[in-house]
Amino acid sequence: MTTTLDRTASRAPSPGVPVRLSLTPRTALAGRLDGAWWPRSRDLAAELPPLADALEGRWGRITRVLVNPDHWPVVPHKVADTDHVLHVGWFTEQDPDKIILLSYTTGRCDLLVIPPETEPASAARLMAAAALPGSILTAGGLMSDEAATGRRMQEARSSEDAWESEGGAAPAPQPHPAAHSVVGARMIPLPGYMRVTTWRP
């Protein structure tokens with residue numbers, strides 16, 4: 001595969017920057033995903049080592065990584081980690097929103113990959129949803145649901161902005177009905193002794 005690095009993507013993480021990772025709690029409820037990963041760039045060579053290191057305590061040493069090349073401009077065959085090498089493979093049939101990490105000791109870890117440019121509020125919702133134990137949603141399904149949520153929120157904001165710009169922030173105050181008690185009332189003629197006369201000097 002021949003591709004070039006996308007220079008518009010976010011920069012690779014600096015050393016010591018924590019990995020943005022959300023994992024399902026240890027439970028008997030197995031779901032389709034083991035959590036979510038929000039990388040800071042689309043540079044696999046820079047992003048994979050800190051991810052593998054962050055997962056080692058739970059999954060053991062990660063040795064192989066599988067991705068779909070649709071979201072990664074460059075897919076290196078090997079990536080050097082702290083004291084070993086990560087072997088990277090790619091499959092176009094794999095869900096493009098998922099990364100699979102393999103360990104000889106614990107098996108595999110499937111993570112939703114949240115695009116680096118995702119807004120923080122959207123990323124927080126995705127990380128929480130992907131970490132729900134026993135969830136049957138796929139990585140692609142979670143991304144589709146979040147896109148729909150984003151559209152609904154945008155439409156609601158647009159409607160609110162239009163309402164405000166058209167002067168619909170608050171209805172005009174209406175007088176209290178008691179202020180016009182005669183309006184709509186039936187006029188009854190008064191007897192002669194109760195009629196009001198105006199005295200003039």
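Student: OK, threonine 82: buried or exposed?

Tutor: Keep in mind throughout that this is a predicted model. Threonine 82 has a relative accessibility of 65%, and because exposed means over 50%, threonine 82 counts as exposed.

Student: And where is threonine 82 in the chain?

Tutor: Threonine 82 sits in the loop between S4 and S5. Its C-alpha lies 7.4 Å from that of proline 49, although 33 residues separate the two in sequence.

Student: What about valine 85, where does that one belong?

Tutor: Valine 85 belongs to strand S5, and with a relative accessible area of 38% valine 85 is partly exposed.

Student: Which residues is valine 85 in contact with?

Tutor: If we leave aside the neighbours within four places in sequence, valine 85 is in contact with Thr63, Lys78 and Val79.

Student: Let's step back. How many helices and strands does the protein chain have?

Tutor: The protein chain has 3 helices and 7 strands, and from the N terminus on the order of these elements is β-β-α-β-β-β-β-β-α-α.

Student: And how much of the chain is buried?

Tutor: Of the 201 residues in the protein chain, 33% are buried. As for contacts with a separation of 6 or more, 69% of them are between residues 24 or more positions apart.

Student: Which residues have the most contacts inside the largest nonpolar core?

Tutor: Those are Leu48, Ile99 and Leu101, in a core of 20 residues. Helix H1 (44-59) and the strands S3 (62-67), S5 (85-90), S6 (98-103) and S7 (107-113) each supply at least two residues of this core, and the largest share, 6 residues, comes from H1.

Student: What does isoleucine 99 touch?

Tutor: Not counting residues up to four places away in sequence, isoleucine 99 touches several residues, among them Trp37, Leu48, Leu51, Val65, Cys109 and Leu111. There is also a second, separate core of 12 residues, which includes Trp38, Met127, Ala130 and Met143.

Student: Switching to isoleucine 114: buried or exposed?

Tutor: Isoleucine 114 has a relative accessible area of 0%, so it is buried. Isoleucine 114 is found in the loop between S7 and helix H2 (120-130), and its C-alpha is 8.2 Å from that of methionine 127, which is 13 residues away along the chain.

Student: Which residues does isoleucine 114 touch?

Tutor: Once residues up to four places away in sequence are set aside, isoleucine 114 touches Ala36, Trp37, Trp38, Pro39, Ala123, Leu126 and Met127.

Student: Tryptophan 37 came up there. Why is its pair with tryptophan 72 called stacked?

Tutor: The ring centres of tryptophan 37 and tryptophan 72 are 6.0 Å apart and the ring planes are at 20°, so the pair is stacked, given that planes under 30 degrees apart count as stacked. The structure holds 1 aromatic pair.

Student: Where in the chain are the two tryptophans of that pair?

Tutor: Tryptophan 37 is in strand S2 (residues 35-37), whereas tryptophan 72 is in the loop between S3 and strand S4 (78-80), so to speak linking distant parts of the chain, 35 residues apart. Tryptophan 37 and tryptophan 72 are both buried.

Notes: Residues numbered from 1 in each chain as written. Predicted model: local features only at pLDDT ≥ 70, side-chain atom pairs only at ≥ 80, totals over all residues. Heavy atoms only, no water. Core = buried A, V, L, I, M, F, W, Y, C linked by side-chain atoms within 4.5 Å. Buried < 20%, exposed > 50% of the residue type's maximum accessible area, 1.4 Å probe, protein only. Helix = DSSP H or I, 4+ residues; strand = E, 2+ residues; numbered from the N terminus. Contact = heavy atoms within 4.5 Å. Phe/Tyr/Trp six-rings, centres within 6.5 Å; stacked < 30°, edge-to-face > 60°.
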